[in-house]
Amino acid sequence: MKSPSLILTVYRTFSAVQSALASGTISCRQLVADYLTRIEEYQHLNVFTDVYADESLTRADAIDQKLMAGKAGRLAGMVIGIKDVLNYAGHGVRAGSLILDQFTAQFTATAVQRLLDEDAIIIGRQNCDEFAMGSSNENSAFGPVRNAADTSRVPGGSSGGSAVAVQAGLCLASIGSDTGGSVRQPAAFCGVVGLKPTYGRISRWGLIAYASSFDCIGPIANTVDDAALLLEVMAGPDEFDSTVSSRPVDAYSKAQLPDQAAVESRPLRIAYLSAGVESTGVDDSIREATQGRIDELRAMGHTVESIDLALLKYLLPTYYILTTAEASSNLSRFDGVRYGYRHTPSGDLLALYKKSRTEGFGAEVRRRILLGTFVLSASYYDAYYTKAQQVRRLIRQETERIFGQFDFLLSPTTPTTAFKLGEKKDDPLQMYLADIFTVLANVVGYPAISIPNGTDVDGLPIGLQLMAPPFEEGALVAMAKRLERER
Ligand code: GLN
């Protein structure tokens, strides 16, 4: 017997959905119904923690009406999933944690509201690492997500559910969050596109905080065009987030690179991290695939040069000192009194806090709260926190120097392809290394994108990362589009 998915069309681009809607081949209702069938069929991947079945069908009907009346928004027919760290009024939100048990969002994140305002359909909430802490999606209280390319492997994290949803065709695009690589790294492991914008490009209002000076909301999609369109809709000033930029939002989805004649008169200057193609810590297949792209860019007439990041070895320590410090502060509000899970009172108030937090948070989150509290403690503050802030400034300066000479920085997105479930779970340092190429963009706040770059011998996806100077998302997506390959 044929499995149902064989008779369903899986749309991979928003333009294909739009043409099908325009020609009457499909309606929004049918589209949503098809996704619901697939979600059901792919339950073993453990992608969605909540599916808004009835609600999205009702919304699809309303959007079909709007389309008929010629009054639909720019995202009409775009079926999206959101990571379980984004608030959506009236819907549960749990950040992959038991501590937010039974919690319902009281308001809607600005980014999500903007998608709704343009008639996107939100089909459900996606599994992720607890409070977005992780690189494999194994830290979720709701169980791990599985990579659709090989279900014995992780999808990456922390936006693992969001990446697999796109990979497996369970929705057209997803919205994740990226504090150290959580949009790009799972996108690389799943063979899809993940875009982390400049810090402050998209309002963080309504995003459950992990490390506030690093957190960015970002889209995951099959194509650079779709990611660019989502960015364009979500970006821009917002009175609820004082760190958001008031710079005008460009039409990212229409960004173009200079044409060939212009390239000949002014080639683009592209740097690549030597470690990405030389280090033996990077899989051979990834080094070769990255080298292939470097050769291609040279053949196009661009200048491509290798650089070393002198401070590379300080990146992860700086990232983990600062993010755990910020996390310990952000997570102090989850005390068993104000939100979600509460230990059945059996002692004094202090015992209630302690027991609720011990039972409500998972092991990795507890580890990070402890680390963060330690680096912020009076006797160690200067040795760790202040020092890491200083190193963050030095890394910024070094990055500014690099971008004074180059338009883009290229590297693999990850040193390995998707690893096996359980392989790194008990070795946090190995797990943290999965983000070696992605954290730089968060430490300095620059935009970066991961695009598919072929597969290894086992058919596991490889990602290529491009980074651009702050607020150069237009140039970034234009370049990524040039390098994009059909899946
Ligand atoms: N894996 C990194 C961490 O665990 C990044 C997570 C993220 O970007 N949210 O902190």
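Predicted model: local features only at pLDDT ≥ 70, side-chain atom pairs only at ≥ 80, totals over all residues.
Residues are numbered from 1 along each chain as its sequence is written, and side-chain values use heavy atoms, with hydrogens and water left out.

A polar side-chain atom of Asp 435 lies 2.6 Å from a nitrogen atom of the ligand. For Arg 368, a polar side-chain atom lies 2.8 Å from an oxygen atom of the ligand. Ser 158 places a polar side-chain atom 3.5 Å from a ligand nitrogen atom. Taken alone, the ligand exposes 290 Å², and the protein buries 100% of that. Such accessible areas come from the Shrake-Rupley method with a 1.4 Å probe; for residues, only the protein chains shown count as cover.

Now turn to the annotation. In an unreviewed UniProt entry, "active site" covers Lys 83, Ser 158 and Ser 182. These residues are spread over 100 residues of sequence, yet they cluster in space, with a largest C-alpha distance of 10.9 Å. UniProt positions follow the numbering used here, feature names are shortened, and annotations may be inferred rather than shown by experiment.

Where do Ser 158 and Ser 182 sit? Ser 158 is in the loop between strand 3 (121–126) and helix 5 (160–167). Ser 182 is in the loop between strand 4 (173–178) and helix 6 (184–190). Helices (H or I, at least four residues) and strands (E, at least two) are DSSP runs, numbered from the N terminus.

Ser 158 counts as buried because its relative accessible area is 0%. Ser 182 is buried too, at 6%. Buried means under 20% relative accessible area, exposed over 50%, partly exposed in between (1.4 Å probe, protein chains only).

Leaving aside neighbours within four places in sequence, Ser 158 is in contact (heavy atoms within 4.5 Å) with residues including Lys 83 and Ser 182. The side chain of Ser 182 reaches the backbone nitrogen of Ser 158 at 2.7 Å.

Notes:
Polar contact = N/O pair within 3.5 Å; in protein donor to acceptor, adjacent residues only side chain to side chain.
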